[in-house]
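Please look over the structure below before reading on. The report that follows takes up its parts in turn, beginning with a single residue and widening from there.

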Amino acid sequence: MSIRILSTSPLVGPALAELGARFPELRLAPFRSPEWNAALPGAEALVVMLSEPLTEADLDAAPKLKAIGTYSVGVNHLPLKACQARGIAVVNTPGVLTDATADIALALLMAVTRRVAEGEALVRSGQWRGWAPDQLLGPALAGKVCGILGSGPIGQAFARRAWALGMAPIFWDREGHGGHVDFGAGQAALAAPRLPLPELLSRSAVLSLHCPLTDQTRGMLDRAALAQLPQGAVIINTARGGIMDENAAIDLLESGRLGGVGLDVYEGEPRLNERWLTAPRAVLLPHLGSATVETREAMARLLCDGLASALG
Ligand code: DGY
């Protein structure tokens, strides 16, 4: 039987069930389970998560495929060129997770600089002996420069948050350098310079990653690049692991050269470089960027609308 839609998850909210009612048959099966493998040849549309990489061999095994929907804005886990060559539509979820992702970057920035995780652990340990003048001090943010990699909607949303904290945003993006990025989103006249990467790195007390993982950005923050950051700089990554050399970042944390790292994403996640578990001044989250109820429902709606158009 033809499985019009094969999804690895029911998603959040009613959107996928409604799509399944409109385009029967909808089949739910865990990624690469025997059921999923068996349904693949008949599938006209696949729905996968960002943690479920598809290959060109999957496309070979699914000759009826018209569309792939990913429950994410990131598409680095999909064989994009092969999809394009075969006329398979790729549907992702841009726009609706902008604020949620910028919020989690802000949460990490505050947690790292104000040492929220360490403070919470101290109180829970029963070892807290009371207020002390030099207890768990961190750097102030107001007046500091915030380097932002990526000037798309999420980078701009994070810039607005950094600006609200009194920081001065600066951008690097794939367009090169020169000119300004308008990040006020029509609400206010806010602009920040677009700089070459070395200049941005050398000026950034905070560096926040908001660019996609592509051939251009993979490994971009290597050991040499990270060494250009000022003493005590803080790195926040809510974009993708693989952009930054994690071992180099851990070395710089351990030597005291970096002031902190906040991560929501990891190279090879959910597998973790074990050195993170003992790295000082590191705050680690399990890829929660888009994890609000409203956002996940909106992502499901956007994804299903896109698949409905692709299925015709
Ligand atoms: C995405 O959707 O690609 C983001 O990584 C969510 O955090």
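Arg 301 counts as partly exposed because its relative accessibility is 35%, where partly exposed denotes the range between buried (under 20% relative accessible area) and exposed (over 50%), computed with a 1.4 Å probe on protein chains only. Arg 301 forms a salt bridge with Glu 18, and the closest N and O atoms of the pair are 3.0 Å apart; the term salt bridge is used for a side-chain nitrogen of Lys or Arg within 4 Å of a carboxyl oxygen of Asp or Glu. Since Arg 301 lies in helix α11 and Glu 18 in helix α1, the pair ties together parts that are 283 residues apart in sequence. Glu 18 is likewise partly exposed, with a relative accessible area of 40%.

## How the model is to be read

This is a predicted model, in which local features need pLDDT of at least 70 and side-chain atom pairs count only at pLDDT 80 or more, whereas totals for chains, interfaces and linings use all residues. Residues are numbered from 1 along each chain as its sequence is written, and side-chain values use heavy atoms, with hydrogens and water left out.

## The five-stranded sheet

Five strands form an open sheet with parallel pairing, in the order β2-β1-β3-β4-β5, and two strands are said to pair if DSSP finds at least two bridges between them. The edges are taken by β2 (26-28) and β5 (89-91), each of which has a single partner strand, so one side of each is left without a neighbour in the sheet. From one strand to the next, the twist averages 15 degrees; axes are lines fitted to C-alpha atoms, for helices over the stretch in contact, and angles run from 0 to 180 degrees between N-to-C directions.

Three bridges join β1 (residues 5-7) to β2 in the parallel sense, and Ser 7 has Leu 28 in β2 as its bridge partner. Helix α1 (residues 15-22) lies across β1, β2 and β3 (45-48), at about 140 degrees to β2, while helix α11 (residues 293-311) lies across β1, β3, β4 (67-70) and β5, at about 175 degrees to β4.

## Further salt bridges

Side chains of opposite charge can pair when their charged atoms come close. A search of the whole structure finds 17 salt bridges. One of them joins Arg 4 to Glu 44, with the closest N and O atoms 3.0 Å apart; Arg 4 lies in the segment before β1 and Glu 44 in the loop between α2 (34-39) and β3, so the pair ties together parts that are 40 residues apart in sequence. Glu 44 counts as buried, at 12% relative accessibility.

Glu 120 forms a salt bridge with Arg 124, the closest N and O atoms being 2.8 Å apart, and because these two residues are four apart in helix α6 (residues 116-125), about one helical turn separates them. Glu 120 is partly exposed at 40% relative accessibility, whereas Arg 124 is exposed at 66%. A network of salt bridges links Arg 223, Asp 251, Glu 254 and Arg 275.

## The six-stranded sheet

Six strands form another open sheet with parallel pairing, in the order β7-β6-β10-β11-β12-β13. Here β7 (168-172) and β13 (282-284) stand at the edges with a single partner strand each, so one side of each has no neighbour in the sheet. Neighbouring strands are turned by 15 degrees against each other on average, direction ignored.

Strand β6 (residues 145-149) runs parallel to β7 and is joined to β7 by five bridges, with Phe 171 in β7 as the bridge partner of Ile 148. Helix α5 (residues 98-113) packs on this sheet and touches β10 (206-209), β11 (233-237), β12 (258-263) and β13, its direction making about 145 degrees with that of β11; contact means heavy atoms within 4.5 Å.

## Around the ligand

A polar side-chain atom of Arg 240 lies 2.7 Å from an oxygen atom of the ligand.

How values were computed:
A polar contact is a pair of N or O atoms within 3.5 Å; within protein, one must be able to donate a hydrogen and the other to accept it, and residues adjacent in sequence count only if both atoms are side-chain atoms.
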